[in-house]
Amino acid sequence: MRLTVDRERCISSGSCVRSDPAVFDQDVADGRVLLLHEAPGPEHRDAVLRAVHSCPAGALTIVEDR
Amino acid sequence: MTEISEAEAEYPSFPMARSCPYGPPKEYEEIREQAPISKVRLALNGREAWLVTRYDDVREILSDSRVSADITNDGYPLMLPVPMEILKSVPRALFHLDHPEHTVQRRLIMPEFTIRRIDAMRERTLEIIDEYIDAILAKGGTVDLIEELAMPIPAQAICELLGIPVGDRHFFHEYVAGILGKDSDPEQIAVREAQMAAYIERMLVERSEKPGDDLVSNLIVRNEEDGFGLELAEIGILVRAIVAGGHETTANMIGLGILALIDHPDQRELLMRDRSLASRAVDELMRIFSISDFGTSRVAMEDIQLGDTLIREGEGIIASLAAANHDPDLFPDPYRFDITRESVRNVGFGHGVHQCSGQTMVRMQLELIFPRLFERVPGLRLAVPAEELPLKNDSLIHGLYKLPVTW
């Protein structure tokens, strides 16, 4: 799967990091999302789906899922 | 006088009282089943508002950029008897601001609440928790955990965050006790609020001259260096919003969480056997209690089609977090307290751009306090029958006034 993040929409909730800290991180400077892996492996799929669904600002998008 | 049709006259009155510490008012279930987006009449002023009760609808409305959180908008569903001229004269921060002012303030404060930053406070927070548990154990007999644990710990955590000198902390504790107590009268609250505002104002002046390593100094420096363009007075209002938003909510969750774990020995044992469940337990406690149920009220700034319902511009909307968090489509057997629940993320901290900015800090405190308390006081039990626990039914935020325990 491939992901994109929209830092303009991001509100620094940390919700994605709580779902999968191996894929998402928070920028120290502003708390906004940093994508550690644009194409996380299948073992991350459930956690990433959870992160996308729970993002309060709709800042995460799955651009390809297979 | 305008005619009121029978249906309009019969709109249920809002807010509805909770009958027990757990779960939302009973009426929500029937409303969600029969008319999940329906009109209610505000007890405060007789005005109508839409009550939204399904999880998906609540999330959709809270994510919609066409709604406003501005309490001074005419259609905003007011729950507290504060005259509009006073509401308009009080400077608003975060909670009741819309984009772009809200975005600027949120961006200014959020670097203070990253997971990394808050994790660095864990050790110190655990020390604080231990100090209060020591005092409780030394006291013995019957102890009110609201007064001795639930209120002081978040106050102390905020003091750490803001860098309040130890000598001034008694003032913070008195402030919290004075604001939250059952017998606090409006006059006393107003005096305390004015004292707090004056204290924060002094602190801002001192720290802009000599910044230290604390949230207040960081906000002042970041505002200056990164060109946020806020006045010092606006930062003061923001700091007051952080104080106000951080203590009652956390204190109420500590009290209710302890009650839930006393009441459900099986869940308590699960948590004590596997501490890695703490984070999920906190999620489940946030869901089951949903202490801020209608703090997420909004006004439609345009016509909004929500499912089959057309919400007209100017109409008030109550996006009920407690109703959403008990939607059986997402949370099977919603009234069961189950810390191992594998479900979608609940909306206990809200949803959309106004989702609780301090949630990482709240989660940290709650994740530490429950396992620690039951580890050190394994025989903890209620000192009064559960039915006698006084609920905060007259407050915007659900909680307990007292939690008398013994061991």
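I'll go through confidence, then the contact between the chains, then the cores, and end on one helix.

So, this is a predicted model. The overall scores are ipTM 0.96 and pTM 0.95. Chain A has a mean pLDDT of 96, and 100% of its residues reach 70 or more. Within chain A, the element with the lowest mean pLDDT is strand β4, residues 60-64, at 95, and the highest is strand β2, residues 24-26, at 98. Chain B averages 93, with 98% of its residues scoring at least 70.

Now, where the chains meet. Chain B puts 16 residues into the contact, and chain A puts in 16 residues too.

In soluble globular proteins, nonpolar side chains tend to be buried together. Here the largest nonpolar core has 69 residues, and the ones with the most contacts inside it are B:Leu145, B:Ala150, B:Leu238, B:Met253, B:Ile254, B:Leu285 and B:Ile369. Which helix gives the largest share of this core? That's α13 of chain B, residues 232-263, with 14 residues. Take B:Ala150 as an example: leaving out residues up to four places away in sequence, B:Ala150 touches B:Leu145, B:Ala251, B:Ile254 and B:Gly255. There's also a second, separate core of 29 residues, and B:Phe14, B:Ile31, B:Trp50 and B:Ile304 are among them.

Last bit: helix α7 of chain B, residues 122-139. Its 18 residues reach 26 Å from first C-alpha to last, close to the 26 Å expected at 1.5 Å a residue. Which residues of α7(B) are buried? They are B:Thr125, B:Ile129 and B:Ile136. Those three sit on the same side of α7(B), because they cover an arc of only 35° around the axis. And what covers them? The cover includes β5 (143-144), α8 (145-150), α9 (152-162) and α17 (359-376), from chain B. Then, just after α7(B), B:Gly140 takes a positive phi of about 70°.

Conventions
Residues numbered from 1 in each chain as written. Chains lettered and ligands numbered in written order. Predicted model: local features only at pLDDT ≥ 70, side-chain atom pairs only at ≥ 80, totals over all residues. pLDDT = per-residue confidence, 0-100. Contact = placed C-beta atoms within 7 Å. Core = buried A, V, L, I, M, F, W, Y, C linked by C-beta atoms within 7 Å. Buried ≥ 20, exposed ≤ 12 C-beta atoms within 10 Å, placed from the backbone. Helix = DSSP H or I, 4+ residues; strand = E, 2+ residues; numbered from the N terminus. Expected span 1.5 Å × (residues − 1). Arc of directions from axis to C-beta.
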